[in-house]
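Hello,

I am handing over the structure we discussed. Please open it first; my notes on what was found follow below.

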Amino acid sequence: MSNSADAGPVDEEVARNVEELSRSVKEAATAATDAEPLSPEPSSGITLDEVSSHEGVQTFISLADRYLGEIGYTEHGFRHAGLVSKISYNVLHRLGFEDRMAELGAIAGYLHDMGNFVCRSMHSQTGSVLTYDILKELGMSYKEIGIILGAIGNHEEEFGNPVNPVGAAVIVADKSDVHRSRVRVKDPTIFDIHDRVNNAVERSFLRVDDGARTLTLELGIDTELAGVMEYFEIFLSRMVMCRRAAEHLECEFKIDINGTKLL
């Protein structure tokens, strides 16, 4: 029997539905293409100072650092929070993003590791949940909260991706903080590889070149304490994530160790 019989009423209805669905998809794609770039406007005006002085933020960051110390991790307290906050702001500001976006970067950078006081595993997602209530209590808009939560929830290499400029800046800022001041252990004979590598890093600086559109991590490593290959042994996945984050910001990520450009 031939399969070329004329279409019946059911077939015609299916064809109309497919045509309507196709038209809807095209209209949605056009709308997405014409949409305005991500912007936090109108600004809620909530500042980094207001967020950082919140009792919950102060308590949770302190507890996060204490608990991570109990299980042998490097420093994740106010020093790290403040530095990541500052670098995130600088990245966005120097690349020409609007001031409010840079401020949101500073806030996300300050809060990004707060979830560690609950559990190290999935701390980025836990931190996002905790952050929502605090920012809403302070009066921040849903749109700004959404930008910050997306950044915090995506800053770890196991699960995260740079989903917005704030998140991309936080990723690069967080992964750039490798330095001996983060090492808690005082006896070098019991260092693990993370302690040894961090202890060997005497200088860490993220250089932002808006003209060349490059983000360069400049490290000074005492190679008598740890080799360059040991650095990449534990941080390679983080550097790959930094490359993706830089690309999101339309930049190229580079690494300079002891004056030698490696990437």
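**Notes on the model**

In helix α4, the buried residues are His 80, Ala 81, Val 84, Ser 85, Ile 87, Ser 88, Val 91 and Leu 92; buried means under 20% relative accessible area with a 1.4 Å probe and protein chains only. This is a predicted model, in which local features need pLDDT of at least 70, side-chain atom pairs count only at pLDDT 80 or more, and totals for chains, interfaces and linings use all residues. Residues are numbered from 1 along each chain as its sequence is written, and side-chain values use heavy atoms, with hydrogens and water left out.

Helices (H or I, at least four residues) and strands (E, at least two) are DSSP runs numbered from the N terminus. The cover over the buried residues of α4 includes α2 (48–52), α3 (55–70), α5 (99–111), α8 (165–176), β1 (201–209) and β2, where contact means heavy atoms within 4.5 Å. Helix α4 has 17 residues (78–94), and at 1.5 Å a residue it should span 24 Å, which agrees with the 24 Å between its end C-alpha atoms; the expected span is 1.5 Å times one less than the number of residues. After α4 comes Gly 96, with a positive phi near 90°.

Strands β2 (residues 214–221) and β3 (residues 252–257) run parallel and are joined by six bridges; strands pair if DSSP finds at least two bridges between them. Thr 216 stands opposite Lys 254 in β3. With helix α10 (residues 228–248), β2 and β3 make a right-handed β-α-β unit, that is, with the strands pointing away from the viewer, the path from the first strand over the helix to the second runs clockwise. β3 also forms a hairpin with β4, with two residues between them, and Asn 258 in the turn has a positive phi of about 55°.

The largest pocket holds about 500 Å³ of space. A pocket is an open set of points on a 1 Å grid over the protein atoms alone, with protein on both sides within 12 Å along at least five of seven lines; a cavity is a set where a 1.4 Å probe fits but cannot get out, and lining residues have an atom within 4 Å of a point. Of the 29 residues lining the largest pocket, Tyr 73, His 76, Arg 120, Glu 156 and Arg 238 lie nearest its centre. Helix α10 gives the most to this lining, with four residues.

The largest cavity has a volume of about 40 Å³, and its lining includes His 76, His 80 and Ala 81.

Regards

Conventions:
Buried means under 20% relative accessible area, exposed over 50%, partly exposed in between (1.4 Å probe, protein chains only). Grid points are joined across faces, edges and corners, and a volume is the space filled by probe spheres set on the points.
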